Structure formats: C-alpha cells, structure tokens
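Subject: Structure handover

Hello,

Here is the structure I promised to pass on. My notes follow below it.

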Amino acid sequence: MNIDLIVKNNLCTGCGVCVSEDQSHQAKMIWNNEGFLVPSLGKSSTQDKMIKVCPFAIQQKNEDELGELFLKQPETQYHDKIGYYYGLYAGYSKQFRETSSSGGIATYVFNALLKQKIVDHLFIVKEVDGQYAYQFFSNIEEITQISKTRYTPVTLEKLFQDIKKLDGKVAVSGVACFVKAIRLKQMYDPVLKKKIAFIVGIICGGLKSKYYTDYLAQEAGCKTEYTHVQYRLKNKESYALDYKFSCVGNLDKKIHMVNMQSLGDMWGTGLFKSNACDFCDDVLTELADVSLGDAWISPYDKNGLGNSIIITRNNTAEKIIQSGLKNNHLILDIISKEKILLSQNGSFNHRHKGMLYRIKNSIKNNKNFPKKRNRYLKEQSFLFDFVQNARLKTRQKSLDIWLETKDHLKFKMKMKPYLDNLKFFTLWNHRLIKLKKMLFSKKGL
C-alpha cells in the first residue's frame, strides 16, 4: 500500500506527517471534495519514504508494538484495551474547568509543561484569523486561548517543517492517528524522540469534515459567512451533554447558537465522519504520554461544567497529576479500569466489535483496508452487523447529501430515511442484547 492508495481508499485522516518524508518537497496538504485534508503528491514524491509514517499503512507496526517501544517501563501496568499506563483518574482542574472543554485537564497539563519547563513550546490547535490550525505556542500568560474543543480538520504538516528550527523541546497534542504518526516519525528519527518531549492524546470519537461546522452554523442561524466558532458552550446548571454550538454571523455581527441535543446523535450516527476513523482500533490514544477525554460515566456526566478521564502513561505525566493533587489544583478520583472502559463504551462497541464487519465489507467491495489487531476481529450477531451496515451508509450519505444540497433543511429531509433505518436496527439490536442477558441470567439461577 502506498500514499496514493491510502488517499483513494479514503483511509487518510489528514495528519500530514507523510509530507515531511517527501524528499522531493512536492507534496502538500489540500482539501478534498468531502471536506477533509489529504496529501497531494508531486510527480517525484517519494512515496516509499512517505508511507513509513502513515498510521493506516498495512506495513506499519501496530499500537501494541509501538507502545512497548515508547511507553513500556518496569513500573507501568498493561491492559489490552487501555494500553500501558501508570494511573487512571476522573475529575477536573479548579483553575481551567470553566474556560475549557471537559474538566480543563488538557489546559492544566499544557500549563504545567510550560511552567515546569518540561517543554519550551506547545504545538496545539489555535484560532488564527477565524480559522483553526496547529500553531506553536509558548506564552504561558495566554494559556486559556488554547482550551477549547475544535471539531474541524487540521494537519500536523507545519510541525516537521519548523520544529528543527526551534530551540528547546516541544509538546504536541493530537488524536490517536496523529499520535501514532508522530511515534512512527520518532521511531525513524531518534532526534525527534528528544525534541518532541511530551504528547497529549485527545480521546476521539471520530474526525469530522469541515462541512460539519457549516451544517451546525446553519442550524444555529449563521446563514452566510461566519466566524468565532464555539463547539462546546457549557451549561453549568445542567449536565455534561447539555451544551451549545455558537458562531458569529459576518453580516449581522450577532452570536447565533443551537442546542446540540436538538440535532440528535451527531456521533453515534457517524454524520460527516472520516471513513478512515472506522478503521482505527485505538480508542484511548494508547501511544500518548497522557490520554484525556470526556468522563461519560456517572456521576461525572451529571455536572454541566464537565469532567475528564485521565490516563497517565509515563512518569512525567504521573508526576504532573500527582503534583496537581498535592497542591489542590486538581479534584480527581482514582477510578478502575472498568470505569475507564465504560466511559468510552460506545466507541469500543463501534470500533472493536464492528471492525470485522467493516473489513469484510471492504473485501466484498474490492477496497483496501489497514491491518488491525486480531483480538478485536470477532464475529457479532446478525443485527449488530445490520447496525454497522446502516452506519456505513449514514456516514457516506451525510457527505454526499451535504455536497448536493449545502442546505441544512434539505439535508435533514434527505438524511431522514437513512437515520430512521439506523435507528430501527439499533433499537432491535439493543433488544436482542437485553434478551440475551435475561436468558443468561435465568440460566445462572
């Protein structure tokens, strides 16, 4: 498999790390028609070099192998779904919770990395001229500017263009596929292992097309051009899932908002999601130094200000968290492996249990797919497979129909049959699971 095949089979998530391996310097990241960033190759692009750092290439080391190489230590524990880890926590940062997504732990960690001089620079997503992109950041006084969630495509392309020009060490944040690409790059270039001194992993439910933001903006009332997008406006009087999307219309200069719950399940349905995300089996960013995500478990999901789950994976991360607890800067509970897994239960069900069906579907349709870890490739019930089939259709149709209509009302009308079909099979699959539990329970008695 080469970069051309990765792109043609919609297996690229736009990390951009491959561009740094093009010895011809002709490759660059561009927008494709579905609203995702992908590499555009030149005639002399060195694909044999570029494919080495692609997280979805067949020939790559998997997360188990890379985890052992980068994170395994005598004092670390291991779980086959969590990966290597030191500590498991849930809670929030007292200082950064209100101005950040989830519990503000990511902002707290970034702040600590700079303050304790573990790194000199952060490479994180910031708003620049109304657009979101990865930027270098080293001003500790402006740390709250980087504290919001962004559901729009970005690329690491700039990281490896500029990192060697910088003095000092860098910390990078990213979702699982981005983190894997960085680790692959470090594996081939040991200098970068020291230069990129810390990686913050963001637990991801799937990357969204840039058209996802356009759809939300229209739903909110920004009918033309818009700026100042906020994806997660919290309601501290409510619960964690009760948040709003907002934008500022260029014409009226007014803030427009929409309650996200009024739009239905934008994540479980796979609307506007990258196809490549359906071939990722790393739910908890196993290769980062610390993994952070929403604590979608009771009682943490009952607080509108949000809480985070935290998985420390190296000694530096564990010391940062322990220092925060000691200084009363962090309010955290130590939680069990079972609660960590439960917090991302939907993602585990889709990515792990549904993986074999999606691979079989790719084979049936003569499409390429990455090699995945065998322990997750297990047969499921016929109804579960129907759910996976319906999700595949819903995901692709959401992109096709938006490109056709580019109107939120027409989009919802045309998507309704596909969403109804998915809802039907999901309901009956849940009923089958419930029935099986009841039968097993009676047998146990």
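A cut-off to begin with: a residue is buried under 20% relative accessible area, exposed over 50%, and partly exposed in between. Ser 138 has 46% relative accessibility, so Ser 138 counts as partly exposed. Please keep in mind that this is a predicted model.

Serines

Ser 138 sits in the loop that runs between β7 (131-137) and α5 (157-162). Leaving out residues up to four places away in sequence, Ser 138 touches Leu 114, Asp 120 and His 121. Leu 184 is 46 residues from Ser 138 along the chain, and their C-alpha atoms are separated by 25 Å.

Two other serines lie in helices. Ser 347 belongs to helix α11 (residues 345-353). Its relative accessibility is 17%, so Ser 347 counts as buried. With residues up to four places away in sequence not counted, Ser 347 touches Cys 204, Val 283 and His 352. The buried residues of α11 are Ser 347, Phe 348, His 350, Arg 351 and His 352. Their cover includes α10 (337-343), α12 (355-364) and α13 (382-405).

Ser 362 is in helix α12. Ser 362 has 5% relative accessibility and therefore counts as buried. Phe 279, Lys 367 and Phe 369 are what Ser 362 touches, again not counting residues up to four places away in sequence.

Nonpolar cores

The largest nonpolar core has 80 residues. Which of them touch the most other members? They are Phe 56, Leu 156, Phe 178, Phe 245 and Phe 272. Helix α6 (residues 176-188) supplies the largest share of this core, with 7 residues. Apart from this core lies another, of 25 residues; Val 109, Leu 113, Leu 122 and Phe 137 are among them.

Not counting residues up to four places away in sequence, Phe 245 touches Thr 213, Leu 216, Ala 217, Ala 220, Val 229, Gln 230, Tyr 231, His 256, Met 257, Val 258 and Met 260.

Helix pair α3 and α6

Two packed helices are described by the angle between their axes and the distance between the axes. For helix α3 (residues 63-70) and α6, the axes come within 11 Å and cross at roughly 55 degrees. α3 and α6 are therefore oblique to each other. The crossing of α3 past α6 is left-handed. On the α3 side, Glu 63, Leu 66, Leu 69 and Phe 70 make the contact. On the α6 side, Lys 180, Arg 183, Leu 184, Gln 186 and Met 187 do. The contact residues divide into 5 nonpolar, 1 polar and 3 charged.

Backbone points to check

Where is the cis peptide bond? It joins Ser 298 and Pro 299, with omega about 5 degrees. Pro 299 is in the loop between β13 (290-294) and β14 (308-312).

His 25 has a positive phi, near 60 degrees, and is a residue other than glycine. His 25 lies in the loop between α1 (3-8) and β1 (28-31). At 70% relative accessibility, His 25 counts as exposed.

Asn 328, also a residue other than glycine, has a positive phi near 65 degrees. Asn 328 is placed in the loop between α9 (315-326) and β15 (330-334). Its relative accessibility is 41%, so Asn 328 counts as partly exposed.

Best wishes

Methods
Residues numbered from 1 in each chain as written. Predicted model: local features only at pLDDT ≥ 70, side-chain atom pairs only at ≥ 80, totals over all residues. Heavy atoms only, no water. Core = buried A, V, L, I, M, F, W, Y, C linked by side-chain atoms within 4.5 Å. Buried < 20%, exposed > 50% of the residue type's maximum accessible area, 1.4 Å probe, protein only. Helix = DSSP H or I, 4+ residues; strand = E, 2+ residues; numbered from the N terminus. Contact = heavy atoms within 4.5 Å. Axes fitted to C-alpha atoms, helices over the stretch in contact; angles between N-to-C directions. Parallel < 35°, antiparallel > 145°, perpendicular 65-115°, else oblique. Left-handed = near helix turned anticlockwise from the far one by under 90°. Nonpolar A, V, L, I, M, F, W, Y, C, P; charged D, E, K, R; others polar.
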